[in-house]
Amino acid sequence: MIEFVGVEKTYGNGTRALRDVNIRIETGEFVFIVGSSGAGKSTLLKLIMCEEKPTVGSVIINGYDLSAIKRREIPMLRRSMGVVFQDFRLIPSMTVYDNVAFALRVTNASVREIRRKVPKIIGLMGLGQKLKAYPDELSGGEQQRVALARALVNNPSLIIADEPTGNIDPELSFEILELLDEINKLGATVIMVTHELGLVEQFHKRVISIENGQVAYDRPGEPAWEAGAAADAEMGGGEDEVE
Ligand SMILES: Nc1ncnc2c1ncn2[C@@H]1O[C@H](COP(=O)(O)OP(=O)(O)OP(=O)(O)O)[C@@H](O)[C@H]1O
Ligand SMILES: [Mg+2]
């Protein structure tokens, strides 16, 4: 469970990015974070990743107040998270394969496990032909999918994604959302920032809207059966007439 209690974040230059944020995200939830540019969405994610600290209030993960975390404990916290950044942060001197393998190597995974998992997840992202390419030889969408493969290869219990579909065409975005949806159904918590309201409408998940550093609204997701019914209705339904 992730909890924001009275969180304010003011950066060193005086910009107040978040104020009085109170949010509770249960384990296993799928949450979209939406809002205008500069609203504070990435800041919210950075607080969860312990990349920034709140100025006021606390961020609590599984009962653990992050303000009490020791510097040396941060890598362990990050390892339980699969993170996709807005700017990818791939390592330029490493191939696609090594960028993804690196995420496993730091967890001391065996060579066998790396050889088995890395090509599989890269293939799933449709990049099986690009294993030996370097990031600067890839399109933006391809780089984004490498970043996603790297985030998912560890089977993280928490996936934090900052606009993971921002550079991808709509069809692929939909597929990536379906993939995240499946991983979520297997138990992982997913928190995803997006500007694509079309995607948000298609997936019927909880939506937290941030405006001016505050929660503007928090709309619960529909239960699975309702989402299913809504999808059926979109398909045209019509079974009743046939009978
Ligand atoms: N390191 C920083 N130092 C100072 N100000 C910052 C820093 N990072 C972000 N800000 C400011 O904090 C506010 C919120 O930024 P944030 O990156 O959280 O917005 P966002 O909602 O993710 O926007 P976008 O949709 O454009 O990515 C903005 O006014 C931004 O300029
Ligand atoms: Mg952002």
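Which residues does Val190 touch, not counting residues up to four places away in sequence? Val190 touches Phe30, Ile159, Leu180 and Asn184. Contact here means that two C-beta atoms, placed from the backbone, lie within 7 Å.

## Model and conventions

This is a predicted model, in which local features need pLDDT of at least 70 and side-chain atom pairs count only at pLDDT 80 or more, while totals for chains, interfaces and linings use all residues. Residues are numbered from 1 along each chain as its sequence is written, and chains are lettered from A and ligands numbered from 1 in the order in which they are written.

The predictor's confidence in each residue is the pLDDT, on a scale from 0 to 100. Its mean over the protein is 90, and 92% of the residues reach 70 or more. Residues 236-243 fall below 50. Beyond near neighbours in sequence, that stretch has 1 contact in the model. Where pLDDT is low, the predicted coordinates should not be read in detail.

## Overall fold

The protein has 9 helices and 10 strands. These are DSSP runs numbered from the N terminus: helices are H or I with at least four residues, strands are E with at least two. The radius of gyration is 19 Å, close to the 18 Å that the globule rule gives for 243 residues, so the protein is as compact as a globular protein of that length. That radius is taken over C-alpha atoms, and the rule is 2.2 Å times the number of residues to the power 0.38.

Along its principal axes the C-alpha trace spans about 65 × 45 × 30 Å. Buried residues make up 33% of the 243. A residue is buried if 20 or more other C-beta atoms, placed from the backbone, lie within 10 Å of its own, exposed if 12 or fewer, and partly exposed in between. Among contacts between residues at least 6 apart in sequence, 67% join residues at least 24 apart.

## Sheet and hairpin

An open sheet of 4 strands has the order E2-E1-E4-E5 and antiparallel pairing. Strand E2 (16-25) and strand E5 (64-65) stand at the edges with a single partner strand each, so one side of each has no neighbour in the sheet. Pairing requires at least two DSSP bridges between two strands. Strand E1 (residues 2-10) is joined to E2 by 6 bridges. Val7 stands opposite Val21 in E2.

Strands E9 (residues 206-211) and E10 (residues 214-219) also pair in the antiparallel sense, over 5 bridges. Val207 has Arg219 of E10 as its bridge partner. The hairpin has 2 residues between the strands, and Asn212 takes a positive phi near 50° there.

Helix H3 covers residues 96-105, with Val96, Asn99, Val100, Ala101 and Ala103 buried. These buried residues pack against helix H4 (111-124) and helix H5 (140-152).

Most residues other than glycine have a negative phi. Phe88 is not a glycine, yet its phi is positive, about 65°. Phe88 sits in the loop between strand E6 (81-84) and H3. It counts as buried because it has 20 C-beta neighbours inside 10 Å. Asn155 also has a positive phi, near 50°. Its loop runs between H5 and strand E7 (158-162). With 13 C-beta neighbours inside 10 Å, Asn155 counts as partly exposed.

Val190 lies in strand E8 (residues 189-193). It is buried because 22 other C-beta atoms lie within 10 Å. Val34 is 156 residues away along the chain, and the two C-alpha atoms are separated by 14 Å.

Ser139 is found in the loop between H4 and H5. Ser139 is exposed, with 10 other C-beta atoms within 10 Å. Its C-alpha atom is separated by 15 Å from that of Gly128, 11 residues apart along the chain.

## Ligand 1

Around ligand 1 there are 13 residues, the closest being Tyr11, Ser37, Lys41, Ser42 and Thr43. A residue is near the molecule if its C-beta atom, placed from the backbone, lies within 6 Å of it. Helix H1 (residues 41-48) gives the most to this shell, with 3 residues.

By class, the shell has 3 nonpolar, 9 polar and 1 charged residues. Ala, Val, Leu, Ile, Met, Phe, Trp, Tyr, Cys and Pro count as nonpolar, Asp, Glu, Lys and Arg as charged, and the others, Gly among them, as polar.
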